[in-house]
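Biologist: Before we look at anything in detail, could you take me through how to read the features of a model like this one, step by step?

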Amino acid sequence: MPDLAPPPAVTSPGADGRFGRFGGRMMPEALMAALDELTVAWLDAMQDPAFTAEFERMLRDYAGVPSLLYDATRLSERAGARILLKREDLNHTGAHKIRNVLGQALLTKRMGKHRVIAETGAGQHGVAAATAAAYLGLDCVVYMGEVDTERQALNVARMHLLGAEVVAVRSGSRTLKDAINEAIRDWVSSVDHTAYLFGTAAGPHPFPSMVRDFCRGIGDEARAQCLQLTGALPDSAVACVGGGSNAIGLFAGFVDDESVQLVGCEAAGDGVDTMRHAATIYARQFGVLHGARTFVLQDEDGQTKESHSISAGLDYPGVGPEHAYLAESGRASYRPITDAQAMDAFSLLARVEGIIPAIESAHAVAGALEIAAEQPGSTILVNLSGRGDKDMGTAIEWFGLGATEPDDDAGEPAGPPGEGSGNNAPGEPQE
Amino acid sequence: MSDRPSTSSAFATARAEGRAALVGYLPAGFPDLEGAVQAMRAMVAAGCDVIEVGLPYSDPVMDGPTIQAAAQQALEAGTRTADVIRTVEAVAATGVPTVVMTYWNPVERYGVDRFARDLANAGGAGLITPDLVPDEAEAWVGAADEHHLDKIFLVAPSSTHERLAMTTACCRGFVYATAVMGVTGARESSSDLAGPLVARVRAVTDLPVGVGLGVSNGDQAAGVASFADGVIVGSAFVRRLLDAGADRAGGLASLERLTAELAEGVRRG
């Protein structure tokens, strides 16, 4: 029988780093001493007012935090519910990820290490890590799947400009999960002088908890801002979930507020009834990936399956163990959002609010539109985790935007969003 | 299953002969299912005392490019977990202790108890678990104990004294000492971390200690054999088969030559 008692709040896992049956350290012995050292250093730093004050100073003076909470009245009018946007897209480097990398890079310096490594999919975490490394004077190597280096050449250039070395990973599927594998291989060889700036709230203990705590300002700020703006807590707090760092950062601020529904939006790609999706929690297959017991997209032999999403940041076959725990305990719910739903929301937000979100964040906006239809009149707080500049290539392809070069073979001129794309034109009434 | 050979007996035999044991690794399904069995049998015939059958996995974080390439080839050819068990059965039939080296998720997915039972029934001696430390191994330790399988956990140069004591206390068969801080793959010079690690392991356990990562020739094997109970070789064998390509007979002959060279090395050390 389900336990009807409220689950523990976002947990402070025990020394073993477990969230119920999820989490732990499924890693080679060679890294155990380093993970222990990191855990001790992190817990020690978080108790040190000098460390937390410096972290807060960097966030405020360098990263533009706290981000605004924006009352999206025109979107709200269309949706039939009050939608508030936590504007993490306005942070330095354009996403919530700067919070995590500044925290981890500052901790690296405190531990006396001089080199950081990071994995990246679309390049956002890689750019953030390279930024933090430049700011704090650390050497930086970023592992990126070869397929992604080709798709995201602009971000590769950004990382180069910031002084980072970018390694194109040619093993496996040559995407994010293989970049993580390669970063782990580097770390096994370099752990005495190198810190691994893990990009999401997944991986072995202490990363899921540490990344959550570096990102929890999202939720703590949003809670205070919402109370100030509306005089009440929101009815729901919504965020997209790939590995889950922005969502766990948001949820951390509200998990003790039982009245607030926590909703994660997973990437359903072409649809959860197809093979091409990244909805790990929806699929509910227990397993091990990248150092944690969690839900993993896998075949019947336990081989990791390739995920699919139009959004590179959500295109990951695992999920942070605390999300798996929150899903299983029922404290948070997770819903799949397809590529088409996300791109409709992407376009709608641009048209009605003048905000181009990251496609990752557009999944959360799409989730909020669903919730608004289910719970009209409610207050829905959405974490707009990043901005969409990086996604314009995808948008051009999806909507057929911006083709200006003459092409005698093209037949038709490029039209506005929606035309010929099989999607609702953004200016038309939405269901 | 008392007739099932254990790895500790192979180490004891080698020790009685005044030498180190030679442990050889190949992934199942590489270059194909039958080719892997032939190759492992050839390694037995030429002097391997223990065979490690690798379970090809999609995300092998402890492996360098050579073993990654072989595992990927095996997976692309459709190698299944059940094929790995069948490979163990065919190799164990030679009488040489045969263990599986596997990342943990495939075992979890197959079912820990079911895997242990099927491995034991196939004549397998146990498991080497590169990404499963004893702290996370409650289910496996129970299943291994029930089916009398060897539990071979890894220790590393970075392991603290406390972790060495805890890990070796959970091992049965032998202790797998990783000679370097790094992933699998041949290295030109031998590690100066391996000797001190073996000495630290000996201070906390009487189990035999095998040293792996980086050994690729007879001289390196002799060097490791001078301070360890076993020499573990993987990537160098895989490299011979990768280099031979479609020339199966040539690949087998190359494997046999390398095995003989390494077997000579472990007797020199």
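Modeller: Let us begin with a pair of helices in chain A, where H4(A) passes H9(A) in a right-handed crossing. Please keep in mind throughout that this is a predicted model.

Biologist: At what angle do helix H4 and helix H9 of chain A pack, and how far apart are their axes?

Modeller: Helix H4, residues 97–110, and helix H9, residues 207–215, pack at an angle of about 115 degrees, and their axes are 8 Å apart. On the H4(A) side the meeting residues are A:Arg99, A:Asn100, A:Gly103 and A:Gln104, while H9(A) brings A:Val211, A:Phe214 and A:Cys215. Sorted by class, this contact holds three nonpolar, three polar and one charged residues.

Biologist: How should I read a sheet, and in which order do the four strands of the open sheet in chain A lie?

Modeller: A sheet is read from one strand to its neighbour, and here the order is E7-E6-E5-E8, with parallel pairing in an open sheet. Strand E7 (165–169) and strand E8 (194–196) of chain A stand at the edges and have a single partner strand each, so one side of each lacks a neighbour in the sheet. On average, and with direction ignored, neighbouring strands of this sheet are turned by 25 degrees against each other.

Biologist: How many bridges join strand E5 to strand E6 of chain A?

Modeller: Six bridges join strand E5 (residues 115–120) to strand E6 (residues 139–145), and these two strands of chain A run parallel. As one case, A:Val116 has A:Cys140 in E6(A) as its bridge partner.

Biologist: Which residues are buried in helix H6 of chain B, and what do they pack against?

Modeller: In helix H6 (residues 112–121) of chain B, the buried residues are B:Phe115, B:Ala116, B:Asp118 and B:Leu119. The buried residues of H6(B) pack against helix H4 (81–92), strand E3 (98–101), helix H5 (104–110) and helix H7 (138–147) of chain B. Just after H6(B), B:Gly123 takes a positive phi of about 90 degrees.

Biologist: What can be said of chain B as a whole, and why does its radius of gyration agree with that of a compact globule?

Modeller: For 269 residues a compact globule would have a radius of gyration near 18 Å, and chain B has 17 Å, so the two agree. Chain B contains 12 helices and nine strands, and 61% of its 269 residues count as buried. Among its contacts between residues at least 6 apart in sequence, 76% join residues at least 24 apart.

Biologist: Finally, how many residues does each chain give to the contact between chain A and chain B?

Modeller: Chain A gives 28 residues to the contact and chain B gives 34 residues. On the side of chain A that touches chain B, helix H1 (32–46), helix H8 (176–190) and strand E11 (286–289) of chain A are the elements that give two or more residues, and H8(A) gives the most, with six residues. The residues of that side divide into 12 nonpolar, 10 polar and six charged.

Terms used
Residues are numbered from 1 along each chain as its sequence is written. Chains are lettered from A and ligands numbered from 1 in the order in which they are written. This is a predicted model: local features need pLDDT of at least 70, side-chain atom pairs count only at pLDDT 80 or more; totals for chains, interfaces and linings use all residues. Two strands pair if DSSP finds at least two bridges between them. Axes are lines fitted to C-alpha atoms, for helices over the stretch in contact, and angles run from 0 to 180 degrees between N-to-C directions. A residue is buried if 20 or more other C-beta atoms lie within 10 Å of its own, exposed if 12 or fewer, and partly exposed in between; C-beta atoms are placed from the backbone. Two residues are in contact if their C-beta atoms, placed from the backbone, lie within 7 Å. A crossing is left-handed if the near helix is turned anticlockwise from the far one by less than a right angle, and right-handed if clockwise. Ala, Val, Leu, Ile, Met, Phe, Trp, Tyr, Cys and Pro count as nonpolar, Asp, Glu, Lys and Arg as charged, and the others, Gly among them, as polar. The radius of gyration is taken over C-alpha atoms; the globule rule is 2.2 Å times the number of residues to the power 0.38.
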